[in-house]
Amino acid sequence: MSKEPRDANRPYLLGHSDHELNRLRAQARLLEPVTRHFFREAGITSGMRVLDVGSGAGEVAFLAAEFVGKSGTVVGADRSPTAVAVATQAAQERGIDNVVFRQGDPAEMTFEQPFDAVVGRYVLPFQPDPSAMLRGLAQHVRPGGLLVFHEPDWTSVRSFPPAPLYDQVCRWLTETTLRSGQSWNFLDKAYEAFIAADLPAPTMRLHTYVGGGANTEEWLLAVGDIMESLLPAMERLGVATAEEVGLETLCERMLEEVMANDSVLVGRSEVGVWTRVG
């Protein structure tokens with residue numbers, strides 16, 4: 001089946017269900033050390049005013065708040081009113097008072113003053129035109145300020161010795177995103193996206209999950225969670241059926257196979273890409 005055309009009005013592929021927002025929180029625990037490293041190297045620091053785009057459940061905004069401290073502020077923006085409500089409640093529950101959340105398209109919103117940095121995680125691949133979004137976001141950044149993004153790439157996913165079920169699941173995931181027009185492989189697009197937005201050549205970094213045996217359980221649980229959020233689109237696009245996927249036992253079956261084959265899994269890669277606005 002051919003890919004569906006990319007559509008600017010197409011909703012976020014994974015949705016904003018309760019399961020998906022909970023999955024984002026669990027995913028944040030896996031991604032937080034990598035995002036933290038990218039932020040530190042890029043130059044997010046105390047006292048900054050930061051805009052977090054595509055905030056979701058708010059985890060990246062809360063991490064940015066750690067970096068900027070009490071003397072800094074973070075504004076989180078998301079198109080989904082559900083996500084904004086959930087993130088606002090989380091900030092209140094955690095007693096975080098230097099973060100606020102606003103609903104809207106951050107590339108088109110207006111703000112009272114410019115930002116020292118705009119940050120985002122898992123945002124650009126889901127845009128119909130990442131360069132257009134970057135160009136819009138750059139207008140919110142003061143001269144010399146930062147654009148910092150942490151994005152996914154599934155190009156290198158594989159197993160050795162082969163774990164066939166894991167490999168099949170990864171093919172289902174990537175095929176679903178391709179058919180939807182929202183490819184999750186951003187490494188080969190990152191540099192071009194910044195250049196096409198008339199931004200200085202970005203700094204780029206790559207961090208890739210690799211694990212073997214019982215150490216793969218946390219990653220496989222994360223893959224299973226993604227499958228649960230993605231399954232409606234997977235069925236709608238004709239990639240796989242619920243019966244073929246077998247969500248109820250999927251994680252257990254993948255882990256059993258990995259253990260039986262003594263496999264090493266190569267998982268999703270994390271792409272760090274940032275630049276300073278001229």
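A residue is called buried when its relative accessible area is under 20%, exposed when it is over 50%, and partly exposed in between, with a 1.4 Å probe and protein chains only. By this rule Cys170, with a relative accessible area of 5%, is buried. The structure is a predicted model, in which local features need pLDDT of at least 70 and side-chain atom pairs count only at pLDDT 80 or more, while totals for chains, interfaces and linings use all residues. Residues are numbered from 1 along each chain as its sequence is written, and side-chain values use heavy atoms, with hydrogens and water left out.

The cysteines were examined for disulfides, a disulfide being a pair of cysteine sulfur atoms within 2.5 Å. In general, such a bond is a covalent link between the sulfur atoms of two cysteines. The structure holds zero disulfides. For Cys170, the nearest cysteine sulfur is that of Cys251, 12 Å away. Cys251 is likewise in no disulfide, and its relative accessibility of 18% counts as buried.

Helices (H or I, at least four residues) and strands (E, at least two) are DSSP runs, numbered from the N terminus. A nonpolar core is a set of buried Ala, Val, Leu, Ile, Met, Phe, Trp, Tyr and Cys residues joined through side-chain atoms within 4.5 Å. The largest such core has 31 residues, and Tyr166, Val169 and Met234 have the most contacts inside it. Two or more residues of this core come from each of helix H5 (164–180), helix H7 (217–236) and helix H9 (247–261). H7 gives the largest share, nine residues. Another core, of 27 residues, lies apart from this one and includes Val74, Val99, Val119 and Leu146.

Contacts are counted between heavy atoms within 4.5 Å. When residues up to four places away in sequence are not counted, Tyr166 touches Val157, Arg158, Ser159, Trp219, Leu220, Met254, Glu257, Leu265, Val266 and Gly267.

The packing of H5 on H9 was described by axes, which are lines fitted to C-alpha atoms, for helices over the stretch in contact, with angles running from 0 to 180 degrees between N-to-C directions. The axes of H5 and H9 are 8 Å apart and form an angle of about 135°. H5 is therefore oblique to H9, since angles under 35 degrees count as roughly parallel, over 145 as roughly antiparallel, 65 to 115 as roughly perpendicular and the rest as oblique. On the H5 side the contact is made by Pro164, Leu165, Tyr166 and Val169, and on the H9 side by Leu250, Arg253, Met254, Glu257 and Asn261. These residues divide into six nonpolar, one polar and two charged, where Ala, Val, Leu, Ile, Met, Phe, Trp, Tyr, Cys and Pro count as nonpolar, Asp, Glu, Lys and Arg as charged, and the others, Gly among them, as polar.

Two other helices are mostly covered. In helix H2 (residues 59–68), nine of the 10 residues are buried, namely Glu59, Val60, Ala61, Phe62, Leu63, Ala64, Ala65, Phe67 and Val68. In helix H4 (residues 130–138), seven of nine residues are buried: Pro130, Ser131, Met133, Leu134, Gly136, Leu137 and Ala138. The buried residues of H4 pack against strand S1 (49–53), strand S4 (115–121), strand S5 (141–153) and helix H6 (187–196).

Phe160 and Pro161 are joined by a cis peptide bond, with omega about -15°. Pro161 is placed in the loop between strand S6 (158–160) and H5. Tyr122, in the loop between S4 and H4, is not a glycine but has a positive phi of about 55°. Its relative accessible area is 15%, so Tyr122 is buried. Asp262 also has a positive phi, near 50°, in a residue other than glycine. Asp262 sits in the loop between H9 and strand S8 (264–276) and is exposed, with a relative accessible area of 59%.

Two further residues were located. Ser183 is in the loop between H5 and H6 and counts as buried at 11% relative accessibility. The C-alpha atoms of Ser183 and Glu228 are separated by 18 Å, and the two residues are 45 residues apart along the chain. Arg179 is found in helix H5 and counts as buried at 11% relative accessibility.
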